[in-house]
Amino acid sequence: MKPAPFEYVRPRTRAGVLAALAAAGEDGKVLAGGQSLIPLLSMRLASPKVLVDINLVPDFSALKISPTHVEIGPTVRHQELLTSEAVRKAVPLLAQALSYVAHPVIRNRGTSVGSIAHADPSGELTAVLSLLDGVVTIEGQDGTREVTGSDFFLGPLESAINSGEMATRVTFGRLPTTMGTACVEVSRRHGDYALVGVCAAIVLGEDHQIDRARISLFSVGPTPIVIDVSGILKGIRIDSKHWREAARFIASSVDPDGDIHATTAYRKNLVEVLSKRGLQCAYQNALDRVAVKQ
Ligand SMILES: Cc1cc2nc3c(=O)[nH]c(=O)nc-3n(C[C@H](O)[C@H](O)[C@H](O)COP(=O)(O)OP(=O)(O)OC[C@H]3O[C@@H](n4cnc5c(N)ncnc54)[C@H](O)[C@@H]3O)c2cc1C
């Protein structure tokens with residue numbers, strides 16, 4: 001199929017983009033990498049009247065890495081983030097998660113901010129934003145707002161971005177060296193969306209014991225689901241009983257839908273298996289980060 005007719009505008013400035021989005025209102029859509037939007041248009045699952053292409057605005061492609069933060073502009077491609085050594089050092093979870101996102105050709109065009117703005121609950125970066133409490137900067141002609149990961153996702157393909165607005169930046173704090181992270185998932189083929197996926201973060205305290213442990217599940221509910229298991233894992237080193245207890249607790253806290261790819265029971269089993277694997281992997285990565293620092 002072909003998309004329904006639409007007007008196409010390609011402003012060269014931030015002000016031009018915001019004016020075009022404000023003028024289009026509910027009839028407008030941002031076009032970033034097009035890797036999700038173009039298929040939706042072609043299948044006529046979306047039919048906006050105006051497409052506002054943001055790719056010609058020079059400062060939208062900025063990727064800034066400071067001693068405290070990583071700031072991602074709205075046309076920074078997945079591949080640039082995935083391959084940046086500085087990003088990998090500052091926020092390792094970004095590269096860990098992006099290695100599962102689609103294939104190189106899609107990563108060369110698809111944007112990481114677009115992926116978050118798209119709010120697909122199967123997207124790896126939605127789980128990263130929620131777990132690390134990243135901040136999305138939302139701009140419209142009426143002003144700028146900052147929304148944290150825990151408040152950004154409202155439902156499948158629904159976020160805090162209103163019509164006439166766009167995400168102009170996503171910011172992550174540099175992870176402390178006592179924090180280890182991991183992303184693990186199961187999909188039908190490498191590069192497909194996950195049947196179930198887990199991002200995990202462990203913070204070490206005194207004597208390399210666990211101080212805090214959280215996970216963020218994707219492809220499990222209408223938005224990423226963040227669960228804190230610090231109460232179960234606090235103070236332990238590598239005792240297998242506690243890992244299993246934490247994973248069982250996580251699986252018992254969710255009720256994923258079944259579909260043609262996976263039943264509810266299978267998804268719940270994956271949540272348990274992947275939660276244990278993700279948490280243990282994050283713990284090992286935390287030990288490695290602390291060892292490198294010493
Ligand atoms: C075959 C295939 C496999 C894929 N596999 C995965 C996968 O495993 N995991 C995964 O996470 N993704 C996957 N994707 C999607 C890919 O990561 C997309 O690049 C991403 O979801 C959207 O980014 P984009 O820049 O292409 O956005 P677009 O397609 O341009 O836009 C997507 C939506 O987000 C909105 N949008 C984009 N940018 C902004 C912004 N700055 N502000 C406000 N709204 C905005 C658009 O208006 C549109 O509604 C896959 C895509 C394909 C085609």
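Trainee: Which residues come nearest to the ligand?
Mentor: Of the 28 residues around the ligand, the nearest are Gly33, Gln35, Gly110, Gly114 and Gly123, where a residue is near a molecule if its C-beta atom, placed from the backbone, lies within 6 Å of it. Please keep in mind that this is a predicted model, in which local features need pLDDT of at least 70, side-chain atom pairs count only at pLDDT 80 or more, and totals for chains, interfaces and linings use all residues. Residues are numbered from 1 along each chain as its sequence is written.

Trainee: Which element gives the largest share of that shell?
Mentor: Helix 7 does, with five residues. At least two residues each come from strand 2, helix 2 (37-42), helix 7 (112-118), helix 8 (124-132) and strand 10 (166-173); helices (H or I, at least four residues) and strands (E, at least two) are DSSP runs, numbered from the N terminus.

Trainee: And how do the shell residues divide by class?
Mentor: There are 16 nonpolar, 10 polar and two charged residues in the shell around the ligand, with Ala, Val, Leu, Ile, Met, Phe, Trp, Tyr, Cys and Pro counted as nonpolar, Asp, Glu, Lys and Arg as charged, and the others, Gly among them, as polar.

Trainee: Which domains does the shell draw on?
Mentor: Domain 1 (7-53) and domain 2 (60-173) each give at least three residues to the shell around the ligand. The protein chain also has a domain 3 (179-293), and the domain bounds come from an automatic or database domain assignment.

Trainee: How far apart are the centres of domain 1 and domain 2?
Mentor: Their C-alpha centres lie 18 Å apart. The contact between them takes 14 residues from domain 1 and 16 residues from domain 2, two residues being in contact if their C-beta atoms, placed from the backbone, lie within 7 Å. On the side of domain 1 that touches domain 2, helix 1 (14-24) and strand 2 (28-31) are the elements that give two or more residues, and the largest share, five residues, comes from helix 1.

Trainee: Which strands pair in the parallel sense?
Mentor: Strand 1 (residues 7-9) and strand 3 (residues 50-53) run parallel and are joined by three bridges, with Tyr8 opposite Leu51. Strand 2 and strand 3 also pair in the parallel sense, over four bridges, and there Gly28 stands opposite Val50.

Trainee: Back to helix 8, why is it called largely enclosed?
Mentor: Nine of the nine residues of helix 8 are buried, so the helix is largely enclosed by the rest of the structure. A residue is buried if 20 or more other C-beta atoms lie within 10 Å of its own, exposed if 12 or fewer, and partly exposed in between, with C-beta atoms placed from the backbone.

Trainee: And Asp207, is that buried or exposed?
Mentor: Asp207 is exposed, because 7 other C-beta atoms lie within 10 Å. Asp207 sits in the loop between strand 12 (196-204) and strand 13 (210-218), and has a positive phi of about 50° although it is not a glycine. His208 lies in that loop between strand 12 and strand 13 too, with a positive phi of about 65°.

Notes
Pairing = 2+ DSSP bridges.
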